[in-house]
Amino acid sequence: MTCGLLTLGVAQTGLAADQYLELEPPKTLTGRGYGYNSISREFVLRQCVQFGAGLLDGSGASGDEFKFSSIISNSQLADEMNLAVNTKFSASMGLVSANASSKVDFFQTTKTNFNTHTILAKYHNVEPMKFVAGDINLKPEYLAMVGTPAFRAQCGDYIVIGEQKGRWFFGTVQLSVRDTLTESKLAASGVIGVEYATMNAEVGVSTINKLKQASNTQDLEIHVTSSGTNSASLSVDQFLQQVQAFPGQNGAKQTFKLMAVPYEDIVANWPVNNPLAPLTSEQKLTKLAEAAWG
């Protein structure tokens with residue numbers, strides 16, 4: 001998902017696009033004004049800044065989307081779930097924080113491979129990202145910490161300035177092909193050889209039912225996560241009922257994505273020529289590895 005922050009940032013702060021960090025929300029308390037430590041990949045549970053209550057809407061991806069997809073790789077699953085790029089990298093390397101969101105938990109527990117047929121059902125209805133409007137200033141008690149390890153430990157090196165809210169549903173039906181009989185049933189039903197691309201609702205439901213008919217019940221695995229609840233369906237029929245009912249339900253909106261930027265690039269009273277606490281040798285090596293793999 002591409003948010004409209006690039007236009008906003010260039011117009012108001014002159015920031016380069018690569019200075020923004022798109023983040024998946026954690027299970028802990030967070031939001032605009034909270035900190036994020038990009039080295040430990042952890043959110044900071046405090047606001048080290050002061051800012052007004054005004055908000056500015058960003059342009060970019062919003063609205064609702066509902067579709068089925070046939071998934072053959074973890075990379076494709078991450079793309080279909082619109083996971084943030086840095087989260088996608090961290091999850092694939094096993095570096096995700098213990099406080100990662102339920103969406104990231106869902107991604108990590110969904111194992112995809114060429115011997116497993118995976119159908120993803122997804123729905124989301126999200127608002128435009130809303131950004132802090134006006135000046136952002138460090139609270140007095142944190143000004144003296146700038147440039148020390150204590151500042152990074154207590155405030156992080158990034159500050160969350162944008163938050164996007166909405167409702168979403170992700171669910172998968174997976175069938176592991178464990179014998180030739182199942183494989184032949186799938187081939188006869190037309191599931192094997194199906195194009196691995198986005199499917200409409202009718203094709204998606206039809207394919208899921210074919211998986212059900214070609215398998216033993218115990219061979220089917222179903223995973224579900226959504227805003228407001230996390231549950232596992234007991235059957236294919238119950239899963240499809242959940243998928244079809246969720247868009248019409250009135251559920252609470254939750255944080256879908258966050259956007260952060262380095263403190264020194266946006267804080268109005270940031271001390272001149274006083275950088276964040278310098279990185280250790282180990283942290284520099286981590287940064288180099290991330291750049292190389294990126």
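1. Cys155 is buried, with a relative accessible area of 0%, where buried means under 20% relative accessible area, exposed over 50% and partly exposed in between, using a 1.4 Å probe and protein chains only. Cys48 is likewise buried, at a relative accessible area of 0%. A disulfide, that is, a pair of cysteine sulfur atoms within 2.5 Å, joins Cys48 to Cys155 with an S to S distance of 2.1 Å. The torsion about the S-S bond of Cys48 and Cys155 is about -95°, so this disulfide is left-handed. The pair links distant parts of the chain, 107 residues apart, since Cys48 sits in the loop between strand S4 (42-47) and strand S5 (49-51), while Cys155 belongs to helix H6 (residues 149-155). Helices (H or I, at least four residues) and strands (E, at least two) are DSSP runs, numbered from the N terminus. The count comes to 1 disulfide.

2. The model is predicted, and local features need pLDDT of at least 70, side-chain atom pairs count only at pLDDT 80 or more, and totals for chains, interfaces and linings use all residues. Residues are numbered from 1 along each chain as its sequence is written, and side-chain values use heavy atoms, with hydrogens and water left out.

3. The largest nonpolar core has 20 residues, and Ile136, Leu138, Phe151, Ile159, Ile161, Tyr263 and Val267 are those with the most contacts inside it. A nonpolar core is a set of buried Ala, Val, Leu, Ile, Met, Phe, Trp, Tyr and Cys residues joined through side-chain atoms within 4.5 Å. Two or more residues of this core come from each of strand S10 (130-132), strand S11 (136-138), H6, strand S12 (158-176) and strand S15 (254-262). Apart from this core lies another, of 17 residues, among them Ile119, Ala121, Val236 and Phe239.

4. Leaving aside neighbours within four places in sequence, Ile136 is in contact (heavy atoms within 4.5 Å) with residues including Val49, Phe51, Ile159, Ile161 and Val267.

5. In helix H4 (residues 102-109), the buried residues are Lys103, Val104, Phe106 and Phe107. They cover an arc of only 155° around the axis, which puts them on the same side of H4; the arc is that of the directions from the helix axis to the C-beta atoms.

6. A search of the whole structure finds 12 salt bridges, a salt bridge being a side-chain nitrogen of Lys or Arg within 4 Å of a carboxyl oxygen of Asp or Glu. Glu80 and Lys122 form one of them, at 4.0 Å from N to O, and this pair links helix H2 (residues 74-80), which holds Glu80, to strand S9 (residues 116-126), which holds Lys122, 42 residues apart. Glu80 counts as buried at 13% relative accessibility, and Lys122 is buried with a relative accessible area of 3%. Glu65, Lys67, Glu80 and Lys122 are linked in a network of salt bridges.

7. The side chains of Asp157 and Arg152 also meet in a salt bridge, at 3.1 Å from N to O; Asp157 is buried with a relative accessible area of 6%, and Arg152 counts as buried at 9% relative accessibility. A salt bridge of 3.4 Å, N to O, brings together Glu163 and Lys165. Here Glu163 counts as buried at 10% relative accessibility, whereas Lys165 is partly exposed, with a relative accessible area of 31%.
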